[in-house]
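Try each task before reading its solution.

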Amino acid sequence: MQHVEFFDNAHFDFRYHRKKAKRSIADFIEFFWETDFDGLWKQYPAGFSDALFPNIGYTYLVNLGTPFVMQLGDEKHDIRSDGFLPRHKNMICHHSKGNRIFGIKFRISPVVFERKVNFFDYREFIYPLAYLIEREMLARLKSAPSFEKRVELVTGHYERIIDNNRGGLRHVDVVIDTLKQFQQSGYDLPVEQVAEEYGISPRTLQRYFEATTSVSAKQAFQLLRIRKAVEDLSSDPASFDSSRYGYYDHSHFYKHLRAFLYNPYLEMKQPHLRLLRPLSV
């Protein structure tokens, strides 16, 4: 059995704990999540998988249970401990009884204030977390009695780092401001215009984005735009208008939609096929 993002909403809404980050850290962290699968194993004794489409940023995975399998493209990784997951690729997580995972979904990790990290170097595989989060913090997260307590611990930890360093790195400030500007612009913001506003070259802006988010500004913009469009299309197709997301016309959007949804490892079901059919213009 496979559950797919944007389509199997009941599973992702009710079988995961999820909490948005506080405003004080929201420029860096989007949300926290934790699996809640105890009631599913009788229904799926052989296990199941959850499939997610590409996104910006990355996730810190804290393993609170037994090993699980994470698939990026056609590569499968046995995750026995904790890991850093780049989110710009299609992802399928294969779950079995005993799995429990706590996740921190980052736009930009505040670790950039404390260590010289270029996240473009962490984009191809799933890496250990040892270099990116303190061992003591991991131990506290694993021993915490609940999801709510884990969120409280992580929030306080990163609030202190951000408060002590806010404004300390120009490339971080530029990326944060650019992401906000892009979403406020209606998902139509030329990279060249952004670079000019900050008095830097497009290539420098690309390096800023790669170092903090692991992808270029253009790729980040495309991912944010198509994810928002697919979310709105799947929830309310009757009122969907591709021009609201900066697409030139419907064929431009449809081409991007097909590329985004394509994954040879997805179990294509009727809801997916409905979106893959062209809407009448």
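**Exercise 1.** Does Asn 55 count as buried or exposed, and at what relative accessibility?

Solution. The model is predicted. Start with the location: Asn 55 is in the loop between strand S4 (48-52) and strand S5. Next, apply the cut-off: buried means under 20% relative accessible area. Asn 55 has 8% relative accessibility, so Asn 55 counts as buried. Finally, list the neighbours. Leaving out residues up to four places away in sequence, Asn 55 touches Arg 87, His 88, Lys 105, Leu 223 and Arg 227.

**Exercise 2.** Find the buried residues of helix H2 (residues 135-143) and state how they are arranged around the helix.

Solution. Met 137, Leu 138 and Leu 141 are buried. Look down the axis of H2: these residues fall within an arc of 100°, so they line one face. An α-helix has 3.6 residues a turn, so residues three or four places apart point the same way. Now turn to the face away from the buried side: Arg 135, Glu 136 and Ser 143 are exposed there. Last, the packing partners. The buried residues of H2 pack against strand S5 (58-63), strand S10 (101-106) and helix H3 (147-165).

**Exercise 3.** Describe how helix H4 (residues 170-184) and helix H6 (residues 202-213) pack.

Solution. Take the geometry: the angle is about 95°, and the axes are 9 Å apart. H4 and H6 are therefore roughly perpendicular to each other. Then name the contact residues. H4 contributes Arg 170, His 171, Val 172, Val 174, Val 175, Thr 178 and Leu 179. H6 contributes Leu 205, Tyr 208, Phe 209, Thr 212 and Thr 213. Classify them: seven are nonpolar, four polar and one charged.

Note on methods: Residues numbered from 1 in each chain as written. Predicted model: local features only at pLDDT ≥ 70, side-chain atom pairs only at ≥ 80, totals over all residues. Heavy atoms only, no water. Buried < 20%, exposed > 50% of the residue type's maximum accessible area, 1.4 Å probe, protein only. Helix = DSSP H or I, 4+ residues; strand = E, 2+ residues; numbered from the N terminus. Arc of directions from axis to C-beta. Contact = heavy atoms within 4.5 Å. Axes fitted to C-alpha atoms, helices over the stretch in contact; angles between N-to-C directions. Parallel < 35°, antiparallel > 145°, perpendicular 65-115°, else oblique. Nonpolar A, V, L, I, M, F, W, Y, C, P; charged D, E, K, R; others polar.
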